[in-house]
Amino acid sequence: MERLLEPAIKVRGEISLPGDKSIWHRALIIGAISEGETEIVGEPAGDDVLSTESCLKQLGIKISRKNGKTVVSGNGPKGLKKPESVLDAGNSGTTVRLLSGVLSAQNFESVIDGDSSLRKRPMNRIVTPLSLMGADLIPSDSGGCPLSIRGSTNLKPISYNSPIASAQVKSAMILASICSGVELELSEPYPSRNHTEIMLRQCGVNIQTEGNSIRMERNVKLKGAVFRVPGDFSSAAFFITAALMLPDSEITLKNVGLNPTRTGFLNVLKRMGADIRVIPDENGSGEKQGDIVVRSSDLKAVTITAEDVPSIIDELPLIGILGTVADGVTNVSGAFELRVKESDRISLLIKGLQKIGISANEFEDGFSVEGGQKISGGTVDAGNDHRIAMSFAIAGLASEKGVTLKGAESASVSYPSFFSDLEKLSE
């Protein structure tokens with residue numbers, strides 16, 4: 001589907017965002033392997049989360065809606081049942097990687113597959129550490145989905161130094177540890193998202209953390225909990241970008257998740273000179289949240305290195321968009337991970353920028369964009385990647401002639417109402 005994003009004079013108003021899908025995935029899966037009921041309170045979060053829910057139902061988990069809440073009836077760490085058919089993860093790499101940890105420790109075989117985009121995403125990053133625990137996972141010839149898992153109830157404890165900082169790898173191993181009842185020690189080169197650790201503590205799990213390392217005891221028990229899902233920070237980032245780029249703009253984003261492992265984008269924007277105010281509000285579930293007020297700003301270029309990347313990985317395409325108006329040259333390095341997301345986001349970003357009249361350079365692990373350029377407009381192919389689609393939608397608002405976006409429908413993966421919400425705020 002093509003959609004024309006016409007230039008806007010400014011963006012103004014107040015908005016609430018879809019629930020954080022990283023937290024939604026985990027809430028559903030942790031609820032499924034807990035004892036008793038788990039309640040999830042929060043706004044829906046798009047197609048990816050529905051994929052996780054569908055897979056869990058195939059695995060015998062009862063999930064219902066009542067009084068505005070999602071209720072997961074847990075069957076315990078070993079209580080899933082063999083699915084009657086292939087588990088369909090759609091476009092969701094999180095679904096595959098997290099469920100692989102759970103399924104590795106069940107007493108049945110299963111297969112997880114997804115759409116053509118998901119099949120291109122690498123799964124060896126979880127296959128390798130889970131195999132070291134004794135799991136039997138067989139990816140496709142290309143190293144991705146369909147992923148066959150021969151579950152085993154006899155996984156072994158492991159001490160693992162992960163070569164990458166990945167919350168999905170970490171979470172897959174934690175879930176395998178819980179479901180198999182074995183100890184786990186894991187360290188990462190940099191801190192990654194810690195939603196899983198926060199949520200497990202709510203379920204009564206004593207998970208020990210020190211620096212970039214975690215330790216799980218054997219035979220932990222999970223009890224049902226209440227998870228309150230804040231608005232998705234990565235979704236907020238698109239509106240933040242629009243407000244910064246367009247003159248005379250001001251937006252308030254309500255009840256946004258402010259987990260420090262997710263908000264590296266705010267830190268980078270402050271280095272760029274952005275006018276942003278955060279109003280914290282404790283939601284009682286361990287996850288920080290609050291309102292974000294952002295106003296138009298004169299920005300300066302920034303340099304992003306590997307140490308910055310884990311907490312800003314989803315927002316890096318927006319750094320490229322912002323780089324067009326910043327004073328100086330914006331440089332990003334240490335971000336090879338962008339090439340193995342839903343698409344090769346480095347390639348799509350640079351090609352897209354060039355299509356709309358921007359001079360930008362592509363490197364193996366990053367990119368550079370010279371500031372002070374005018375976004376003339378043009379046609380951009382989003383490559384069926386929701387974050388690329390939404391990033392160039394913002395570029396369209398800040399352009400001179402508008403941006404025609406191919407694959408705009410991919411935004412529904414994380415934010416089904418994105419375009420209508422953007423239209424409400426645009427003047």
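How many positive and negative side chains does the chain have, and how far apart do the centres of the two sets lie? There are 46 positive and 52 negative side chains, and the two centres lie 3 Å apart. Lys and Arg count as positive, Asp and Glu as negative; His and the chain ends are not counted. Each charge is placed at NZ of Lys, CZ of Arg, CG of Asp or CD of Glu.

This is a predicted model: local features need pLDDT of at least 70, side-chain atom pairs count only at pLDDT 80 or more, and totals for chains, interfaces and linings use all residues. Residues are numbered from 1 along each chain as its sequence is written, and side-chain values use heavy atoms, with hydrogens and water left out.

Now the overall shape. The C-alpha trace spans about 60 × 45 × 40 Å along its principal axes. For 427 residues, a compact globule would have a radius of gyration near 22 Å; the chain has 21 Å, which agrees. That radius is taken over C-alpha atoms, and the globule rule is 2.2 Å times the number of residues to the power 0.38.

Next, burial. Of the 427 residues, 59% count as buried. Buried means under 20% relative accessible area, exposed over 50%, partly exposed in between (1.4 Å probe, protein chains only).

Last, the cysteines. A disulfide is a pair of cysteine sulfur atoms within 2.5 Å. By this rule the chain has zero disulfides. C145 is in none: the nearest cysteine sulfur, in C55, is 10.0 Å away. C145 counts as buried because its relative accessibility is 3%. The sulfur of C203 is 12 Å from the closest cysteine sulfur, in C179, so the two are too far apart for a bond. C203 has 1% relative accessibility, so C203 counts as buried.
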